[in-house]
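Have the structure open as you read.

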Amino acid sequence: MSDPDRPALAAILVQLRGRVDAHFAAAQARTPAAFACRSGCDTCCHQRFGVFAAEAEPIRRALADLALRTPVLRARIRKQADDPAHQHHCALLVDGACAVYGERPLICRSHGLPIAVADPAPRVDHCPLNFTSGPPPRESVLRLDAVNQPLAVLATLWDRADGEGDRPPARIALADLAREPDPAETP
C-alpha cells in the first residue's frame with residue numbers, strides 16, 4: 001500500500017483542524033463565561049514557535065494571498081520577523097490579530113482550551129485567563145496527544161512525499177515563513 005499523496009494529506013489536515021475547532025466551539029458553548037478568548041486577546045501569541053511543513057504550506061498560500069491583496073500588510077509581517085521589538089511575539093501577529101487566522105496552525109487553534117498533557121506527569125493546563133472560577137469540565141479538555149500524534153504522522157507522510165525518507169519531520173519557524181519571498185517575487 002502506498003503513502004497518501006499531498007492532496008489527500010492536505011484534506012486530512014483540514015479535517016484535523018476542523019475537529020479541534022469544533023472541540024473549541026463546544027467547550028466555549030459549554031462554559032462561555034470561563035473563556036477570556038475573544039477578538040483582540042493575543043496573549044497566547046506572545047511567543048515564537050515552528051510548524052511542520054504540512055502546516056507551513058497553507059500558511060505560505062495565505063501569505064502569498066496577502067501579498068496580492070494587501071501588500072503593505074505582507075511587508076509589515078516580513079519586517080516583524082526580524083524586528084527586535086517584536087521578537088517575543090508571533091511574526092504573523094499584526095495589531096493584536098493573526099494575519100493568517102483562517103490558516104493558523106493547530107497549536108494556535110488549541111490555545112485557550114484546557115489541554116491534557118501527559119509528560120512529565122499527567123496534568124491539565126490552560127490559559128491563566130480562562131477558568132479562573134474553577135476547573136474546566138472534563139469534556140472540554142483536549143487531549144494534546146490526540147492532536148499531536150496524528151499531526152506527527154501526517155507530517156512524516158508529507159515529508160516522505162518529497163522524498164525526504166524516514167527521518168523525523170523538521171519544523172519551520174513561523175518567523176522564517178514570514179521572511180520568505182512570495183511566489184510572485186521569485187524568478
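Cysteine 90 is a buried residue, because its relative accessible area of 9% falls under the 20% cut-off. Keep in mind as we go that this is a predicted model. Where is the closest cysteine sulfur to that of cysteine 90? It belongs to cysteine 108, and at 6.1 Å it is too far away for a bond, since a disulfide needs the two sulfur atoms within 2.5 Å.

How many disulfides does a search of the whole structure find? The search returns zero.

Now turn to the helices. Helix 1 covers residues 6–30 and helix 5 covers residues 144–161; the two pack with their axes 10 Å apart, at an angle of about 165°. Angles over 145 degrees count as roughly antiparallel, so that is how helix 1 and helix 5 run relative to each other. The crossing of helix 1 past helix 5 is left-handed.

Which residues make this contact? Helix 1 contributes Arg6, Leu9, Ala10, Ile12, Leu13, Leu16 and Val20. From helix 5 come Val147, Pro150, Leu151, Leu154, Leu157, Trp158 and Ala161. Sorted by class, the contact between helix 1 and helix 5 holds 13 nonpolar residues and one charged residue, with no polar ones.

Terms used:
Residues are numbered from 1 along each chain as its sequence is written. This is a predicted model: local features need pLDDT of at least 70, side-chain atom pairs count only at pLDDT 80 or more; totals for chains, interfaces and linings use all residues. Side-chain values use heavy atoms; hydrogens and water are left out. Buried means under 20% relative accessible area, exposed over 50%, partly exposed in between (1.4 Å probe, protein chains only). Axes are lines fitted to C-alpha atoms, for helices over the stretch in contact, and angles run from 0 to 180 degrees between N-to-C directions. Helices (H or I, at least four residues) and strands (E, at least two) are DSSP runs, numbered from the N terminus. Angles under 35 degrees count as roughly parallel, over 145 as roughly antiparallel, 65 to 115 as roughly perpendicular and the rest as oblique. A crossing is left-handed if the near helix is turned anticlockwise from the far one by less than a right angle, and right-handed if clockwise. Contact means heavy atoms within 4.5 Å. Ala, Val, Leu, Ile, Met, Phe, Trp, Tyr, Cys and Pro count as nonpolar, Asp, Glu, Lys and Arg as charged, and the others, Gly among them, as polar.
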